[in-house]
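Here are some exercises to work through with a structure viewer open. Try each task yourself before reading its solution.

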Amino acid sequence: MAGSTFVSVIGFLALAGTGAMAQTAEYTDPNTGITFQQIVKNEDSYTFGIALPETFGSDFIGQITGSMPEGWVSVSFGGRMINSLLLVVYPDGENVTASLRVAPEYASPLQFEGDAILRSIPKGTFADSTGFSYTFLCENCIVDDLTFDGSDPAPSFAWAMSTNPVADPSRPSSLLNYHDFYGWFSADIEAASSAKFAEWAALASDDPDFPPAPPGGGNGTIPDAPVRSETYDYIVAGAGAAGIVAAERIAESGASVLLLERGGPSFYSTGGDVTMPWNDTVTVFEVPAILRYIPSTPGTNAFCADTAAQAACILGGGTAVNGMIFIRPQERDFDDFPEGWHWGDVADAAERLYERNIHTLYPSADGEYYDGVLYDIASKSFESNGWTSVDAIQQPNEKHKVFSRAPCGIVNGLRGGPVRTYLPLAQSLDNFKLELHTRVIRAVRTNSTITGVEVEVNGARETININPGGKVILASGSMSTPRILFNSGIGPTEQIEIVASGNTLVRLPEKSAWIDLPVGKRIQDHPLWVTVWNITGDAAQLPIVSAETLQNPPEDMVEQFAHATGVLVQNDIRMELWTDITPPSDGVTRYAQVEFYSKTTGQFNMEMFLTHGSTSRGELGITAEGATYHIRDPLMNTDGDKEAMDTFVEMLLEYSRKPGAAFVWPGPGGANATARDVLTNMQSGIHVVATAPIGTDDGREGGNAVVDLDTRVYGTDNLFIVDASINPSVPTGNTMAITMLVAEKAAEKILAFDTIKASS
């Protein structure tokens with residue numbers, strides 16, 4: 001996704017649960033006679049109860065209910081989403097499907113592979129038109145580091161639910177859509193303990209619900225995909241940061257262009273209908289100040305269920321949900337690209353992009369900057385420690401001990417980006433068509449020649465063909481484009497074989513036509529640490545606009561917004577900071593980036609990223625359910641990267657210990673904290689690149705490249721990729737700007753490419 005949706009507030013979020021939480025109360029189930037410690041949430045539409053033996057062990061009994069005929073409910077036994085044991089339950093007609101899962105990322109969780117066993121208690125398990133209940137014995141379910149362990153008398157749990165149906169309710173491994181509601185609670189462990197536990201456990205079925213029986217082989221009966229009558233010169237898969245840019249530039253040539261987007265509308269002007277209670281002409285996606293509340297807003301349906309980390313599946317892709325941060329890449333961000341793609345080669349594309357895609361340091365139409373307390377404090381602090389103030393828009397190459405107000409894509413007080421700056425131009429052309437709710441399954445090909453795409457619309461498959469000499473362009477994002485490639489018989493053989501034997505009913509080419517390319521083999525991402533610091537002295541009393549105020553703005557703030565002024569038209573990043581670090585151990589220069597924000601008086605967050613120059617790499621694959629996932633985590637797996645971040649954070653801690661320091665670290669270690677105390681709870685910055693890198697070293701011949709200098713997939717005549725998949729390494733800043741820039745250049749290359757000549 002081009003630019004992170006700030007994952008500290010996503011879904012289960014970190015689910016680290018601070019402050020007071022609701023606590024369970026006693027409840028006796030009339031169907032089973034079991035007495036639980038139960039929590040009731042979301043106006044009685046969700047409940048979870050737990051019963052334990054008198055002597056704490058590895059087993060417990062639970063009951064989870066949802067008062068809706070479809071959708072899913074879940075509980076986290078570790079109080080968080082990532083790396084916690086999760087129970088997920090959903091109805092399947094009159095049956096109930098249950099599974100235990102673990103989520104290594106903020107994405108649809110994978111099945112748990114440990115020793116835990118679920119056995120249903122039939123008297124308390126049912127589903128009908130009003131809702132469903134699952135009562136169960138969970139054996140071997142107390143797992144080190146993944147669940148509560150009995151040491152805390154009131155451990156934290158987390159809950160979540162969705163009212164939208166899962167992909168396949170009969171399968172325990174079904175992909176899950178994004179939740180509508182979530183939260184935390186604590187359970188009274190002592191009160192949940194009972195001498196009747198063994199009696200109640202004896203009610204459980206002998207046959208386990210989980211783990212499920214091994215699936216049968218084969219891809220099932222592949223559905224027909226009738227061919228549409230309309231054909232196009234170009235089909236672009238994905239209407240995000242890259243797809244909209246490439247489609248619009250190509251449509252300018254007069255060629256017929258079909259742009260396909262699997263999600264629905266986002267902005268009000270595109271048909272989006274999740275509007276603000278105080279303004280029914282703008283959607284939740286468009287108001288810059290409330291960007292962090294998009295994931296928790298019911299009805300947005302903005303996120304994918306089948307990607308390795310959180311990604312947006314909506315018109316605009318990541319640009320519709322991210323922080324709007326538009327960091328012009330420094331020239332050296334293109335040093336890792338091949339000849340023909342260095343800065344001097346793409347500077348013309350950058351000029352075109354910057355002229356069209358409006359971005360600014362001062363989003364308010366009156367030129368004022370609102371809620372500026374944090375910038376004033378942080379900028380003065382870093383300046384006193386030898387850092388320099390720069391304009392990140394005008395001075396993109398300055399990245400040594402510099403800070404800037406945050407450059408952001410905000411237009412007339414609303415979220416900008418390609419949906420606002422490119423898409424209307426495309427839609428004014430008769431030769432351009434945008435189609436929403438259309439998921440691209442694969443590129444249809446005969447050997448090296450692509451003839452069209454297979455899509456899914458409202459659960460039915462169709463084929464859309466291109467004209468002779470036409471081209472298919474993949475722009476579905478760095479975690480979805482690999483799925484389309486694997487489904488097209490392009491990628492590592494072992495991944496295509498998973499598709500062949502999986503559950504997604506994909507019609508692959510004959511094995512002799514598979515193209516063995518290193519798709520997903522060398523991926524990169526920005527690691528992210530969200531750290532909280534305290535402001536010192538009198539400045540700690542200076543008011544900072546709160547989350548409550550932004551979510552329920554007063555009339556004067558709403559009136560300002562109507563005139564494109566005030567705090568609501570600003571995103572919430574108050575300052576950006578960069579510097580370079582060269583660890584002695586390997587001599588490789590890396591960059592650190594920090595984003596400053598706060599919604600709490602006296603406190604602020606530093607979101608720290610390790611960016612360009614990082615040497616960690618990972619690997620992406622696909623599951624039998626058709627979701628991409630990390631075979632190997634791309635974050636912080638080299639000593640040089642760890643040394644670089646340690647060096648940077650130790651510098652911040654040194655600043656915090658100086659007399660009169662503007663901020664202090666209040667977390668573990670206190671005044672004696674080290675970088676290791678600060679750098680906990682690492683997560684993905686969701687700035688994934690290099691899943692299908694560009695280069696001259698043809699991956700079919702042992703190289704690393706998936707696409708050539710024209711962005712054409714090796715081994716094909718007319719299949720191209722223009723999204724962040726092709727970037728060979730992470731940039732110095734957020735990925736939105738560089739993704740759009742690369743798409744600008746790629747569109748130019750693709751237009752100049754003669755498909756008929758190449759195929760002959």
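**Exercise 1: a residue and its core**

Task: find which residues L719 touches, not counting residues up to four places away in sequence.

Solution. Step one is to list the contacts (heavy atoms within 4.5 Å): L719 touches A443, I450, V472, L474, L485, I490, T711, R712 and V713, once residues up to four places away in sequence are left out. Before going on, note that this is a predicted model, where local features need pLDDT of at least 70, side-chain atom pairs count only at pLDDT 80 or more, and totals for chains, interfaces and linings use all residues. Residues are numbered from 1 along each chain as its sequence is written, and side-chain values use heavy atoms, with hydrogens and water left out.

A nonpolar core is a set of buried Ala, Val, Leu, Ile, Met, Phe, Trp, Tyr and Cys residues joined through side-chain atoms within 4.5 Å; buried means under 20% relative accessible area, exposed over 50%, and partly exposed in between, with a 1.4 Å probe and protein chains only. The largest such core has 111 residues, and I235, L485 and L719 have the most contacts inside it. Helix 14 (residues 736-752) gives the largest share of this core, 10 residues. Helices (H or I, at least four residues) and strands (E, at least two) are DSSP runs, numbered from the N terminus. Apart from this core lies another, of 39 residues, including V89, A98, C138 and M161.

**Exercise 2: two helices**

Task: at roughly what angle do the axes of helix 3 and helix 14 cross?

Solution. Start with the axes, which are lines fitted to C-alpha atoms, for helices over the stretch in contact, with angles from 0 to 180 degrees between N-to-C directions. Those of helix 3 (residues 241-251) and helix 14 cross at roughly 35° and come within 8 Å. Next, look at who meets whom: on the helix 3 side are A241, A242, V245, A246, R249 and I250, and on the helix 14 side T739, M740, A743, E744, A747, I750 and L751.

**Exercise 3: backbone exceptions**

Task: where does I686 lie, and is I686 buried or exposed?

Solution. Recall first that most residues other than glycine have a negative phi, and most peptide bonds are trans. I686 has a positive phi, near 55°, and sits in the loop between strand 34 (683-684) and strand 35 (719-721). I686 counts as buried because its relative accessibility is 2%. For the peptide bond, turn to F210 and P211, which are joined by a cis bond with omega about 5°.
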